[in-house]
Amino acid sequence: MNESLALARFRRIGAVTIFAVYFLILVGAVVRASGAGMGCPDWPTCFGQWIPPTDESQLPANYHEIYAVGYSDTSFNALKTWTEYVNRLVGVSIGLLILTTVIRSWALRHLDKTIFHLCLGVFFAVAFQGWLGKMVVTSHLKPWLITTHMVLAQAIVASLLYAIMRSQKESIAKLDTAGLPEKFGLWLSIAMLLTLLQMTLGIQVREGVDLIMALHQYTGRELWRGEFPLIFLVHRSFSSIVLFTNAYLVWRLWKALPAGNWLRRCGGILMGLIVGAILAGVSMDRLNMPLLAQPLHLELASLIFGMQFVIYVSYRYSQRRLRGD
């Protein structure tokens, strides 16, 4: 197969897979925010069926007894059931996309074996992620399992991003970064670590909020704010550090690079994502936890780390060329 065609096919399926993973993160966040995590109390079927019911009449009269945990104190909710079921369908679709990505990367093994190995590693990581999703359900939504599920999703996206960028490292290395300060890479690394720390704090906040939501049976949102855990205040204050650190980096990019430069555009996107994430967080704090604000906040946080990672890899490839490595 022609090398350029093989590269193009790999990048195309890789980009679709990354988009799908980010979509799954969003859907998963909607599931969690709506309390639909036990919409299907069993796995991999849903109420013992491959296609979930749409009405309570389609379930056995004693379904509360059959699914004692998770459905003992609530009635069948078709919206929650299908929300969780769509989450599972998207997860299966990503598994198929990852498999296709591995197949496409096989054609590149003579060019760069690392690309194939990365994709193969992602395939096994996604398989583990699927098993972890099962454990989330069978453990009845244990917080630490949900957190692990989310962290692994970030690692999967980063690996896919790196594989795609590595497949075009020659063109990325041509980016002009000579005007950036010597310690830009160090500051960028610090910004990424701060973002991961902020996401970890956010996950801890989310686990506390989940308990509050369950306590109120997902009603009375105006009451939740007064019961937020102390770590929420830390998470809220820490957002300022993340904002100003990234603002400094973006200012450096805009000051040193010409208009139209790839990294300069990425910097603008990064700031837009950060501002959007902060506004979503503020809306949760001040507007009684709007339902869509929670998934949006998490999705934007994931995109922020992804964009930082893209800038970091691009910068490193460019610097290697400048140093003659």
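Reply: Happy to! Start with Trp187, which is found in helix α8 (a DSSP run of H or I, at least four residues; strands are E, at least two; both numbered from the N terminus). This is a predicted model, where local features need pLDDT of at least 70, side-chain atom pairs pLDDT 80 or more, and totals for chains, interfaces and linings use all residues. Residues are numbered from 1 along each chain as its sequence is written, and side-chain values use heavy atoms, leaving out hydrogens and water.

Trp187 has a relative accessible area of 38%, so it counts as partly exposed (buried is under 20%, exposed over 50%, with a 1.4 Å probe and protein chains only). Helix α8 supplies the largest share, three residues.

Stepping back, the protein has 12 helices and zero strands. Of its 325 residues, 47% are buried.

Now for the charged contacts: the structure holds three salt bridges (a Lys or Arg side-chain nitrogen within 4 Å of an Asp or Glu carboxyl oxygen). One of them joins Glu84 to Arg88, whose closest N and O atoms are 3.0 Å apart. Both residues sit in helix α4 (residues 78-106), four residues apart, or about one turn of the helix. Glu84 counts as buried because its relative accessibility is 5%, and Arg88 counts as buried too, at 12%.

Asp112 takes us to another part of the chain. Its side chain meets that of Arg166 in a salt bridge of 2.6 Å, N to O. Asp112 lies in the loop between α4 and α5 (113-138) and Arg166 in helix α6, so this pair ties together parts 54 residues apart in sequence. Asp112 also forms a salt bridge with Lys169, at 3.8 Å from N to O. Here the loop that holds Asp112 is linked to helix α7 (residues 169-172), which holds Lys169, 57 residues away in the chain. Asp112 is buried at 11% relative accessible area, and Arg166 is buried at 16%, whereas Lys169 is partly exposed at 27%.
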